[in-house]
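Thanks, everyone. I will go through one model this morning, starting at the metal site and ending with the backbone. Please have the structure open.

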Amino acid sequence: MRLLLSNDDGVYSPGLAALASVAAELGEVRIVAPDVEQSSMGHAITHSRPLTIKRTPIGEYDAHRVNGTPADCVALGVELWKDVGVVLSGINLGPNLGHGMWHSGTLAAAKQAALLGRRGIALSTPTGGGEPDFVRLRPWVGRVLALLLPRTELTLVNVNFPADPVGLCWTRQALNTYDGRVVPGHDPMGRPHYWLSVRRVDALEEETDRWAVRHGYVSMTPLRLDLTDGAALQQAKAQIPLDPA
Ligand code: MN
């Protein structure tokens, strides 16, 4: 199976190398990743300028860097390497949980795969101030990939590893709290500026991705591309009749 690897931390991220070392035991690996960090770029694509793809040495892997976004990398990777089976994105240095999925470039790379009729798996882990211990995570990454890769019905899965996992858990996206916040401050000249940051979420609903990771479980959330609110659509059709189609 051809496994296209990407991320949003950039082609030289230790998380990508850690993922490649596990993936190479399960399939044929090629890396196509951004040349610089693209975290929190979401599902942006580059359409106002051309992209370049350049071979770049990452250990023994067939690796390439692109001057674009994670979604750009997957679009190019799938175009230039025939018969990609699954796109693996990560391992991100930082979690992608709950509403944070909207901002995630890591998840966007996996979503781009799903848009192109391939399968995508996004993998993330918290940093907690230091570098993640990828040696400790390695058997858990292996277990997750061995479990997910054969399951062709799972087209898009968001996986989050706690720092020191105790088990695996199927989860749903935590929706009760958005953790984004604006942090005001001042620059050295005294001028106001603002950081877009996150806050800790303590209200955890059971069986959600946040809950699982907080309790030491590897969270695996199957996702879909359909954003339509089916219940709201039915209600709107019933209560607000529009022009007959
Ligand atoms: Mn990132």
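This is a predicted model: local features need pLDDT of at least 70, side-chain atom pairs count only at pLDDT 80 or more; totals for chains, interfaces and linings use all residues.

Residues are numbered from 1 along each chain as its sequence is written, and side-chain values use heavy atoms, with hydrogens and water left out.

First, the manganese ion. Which residues are its protein donors? They are Asp 8 (OD), Asp 9 (OD), Ser 39 (OG) and Asn 92 (OD1), at 2.1 to 2.2 Å from the ion. Donors here are N, O and S atoms within 2.8 Å of the metal (3.2 Å for Na, K and Ca), and as water is not among the atoms, sites may look incomplete. Along the sequence the donor residues follow the spacing D-D-x29-S-x52-N. Asp 8 sits in the loop between strand S1 (2-6) and helix H1 (14-23), and Asn 92 in strand S5 (residues 84-93), so this pair ties together parts that are 84 residues apart in sequence. The element names come from DSSP runs, numbered from the N terminus: helices are H or I with at least four residues, strands are E with at least two. Asp 8 and Asn 92 are both buried. Buried means under 20% relative accessible area, exposed over 50%, and partly exposed in between, with a 1.4 Å probe and protein chains only.

Next, the helices. Helix H2 (residues 70-80) packs on helix H3 (residues 105-115) at an angle of about 30 degrees, with the axes 8 Å apart. Axes are lines fitted to C-alpha atoms, for helices over the stretch in contact, and angles between N-to-C directions run from 0 to 180 degrees. That angle makes H2 roughly parallel to H3. The classes are roughly parallel under 35 degrees, roughly antiparallel over 145, roughly perpendicular from 65 to 115, and oblique for the rest. H2 and H3 cross in a right-handed sense; a crossing is right-handed if the near helix is turned clockwise from the far one by less than a right angle, and left-handed if anticlockwise. On the H2 side the contact uses Pro 70, Ala 71, Val 74 and Ala 75, and on the H3 side Gly 105, Ala 109, Gln 112 and Ala 113. Contact means heavy atoms within 4.5 Å. These residues divide into 6 nonpolar, 2 polar and no charged. Ala, Val, Leu, Ile, Met, Phe, Trp, Tyr, Cys and Pro count as nonpolar, Asp, Glu, Lys and Arg as charged, and the others, Gly among them, as polar.

How many residues of H3 are buried? The count is 10 of the 11, so H3 is largely enclosed by the rest of the structure. Its buried residues include Lys 111 and Gln 112. The cover over them includes S1, H2, S5, strand S6 (119-125) and strand S7 (156-160). For H2, the buried residues include Asp 72 and Cys 73, and their cover includes S1, strand S2 (28-34), strand S4 (62-66), S5 and H3.

The other pair is H1 and helix H4 (residues 134-148), which pack at about 50 degrees with their axes 9 Å apart. H1 and H4 are therefore oblique to each other, and their crossing is right-handed. Among the residues that meet are Ala 18 and Val 22 in H1, and Arg 138 and Val 141 in H4. The contact of H1 with H4 divides into 8 nonpolar, 3 polar and 1 charged.

Back to S5, which holds Ser 89. Ser 89 counts as buried, at 0% relative accessibility. Leaving out residues up to four places away in sequence, Ser 89 touches, among others, Asn 7, Leu 19, Thr 106 and Ile 121. Also here, Gly 90 and Ile 91 are joined by a cis peptide bond, with omega about -10 degrees.

Last, phi. Most residues other than glycine have a negative phi, and most peptide bonds are trans. Ser 40, not a glycine, has a positive phi of about 65 degrees. Ser 40 lies in the loop between S2 and strand S3 (53-55) and is exposed, with a relative accessible area of 58%. Glu 207 likewise has a positive phi, near 70 degrees, and is exposed at 53% relative accessibility.
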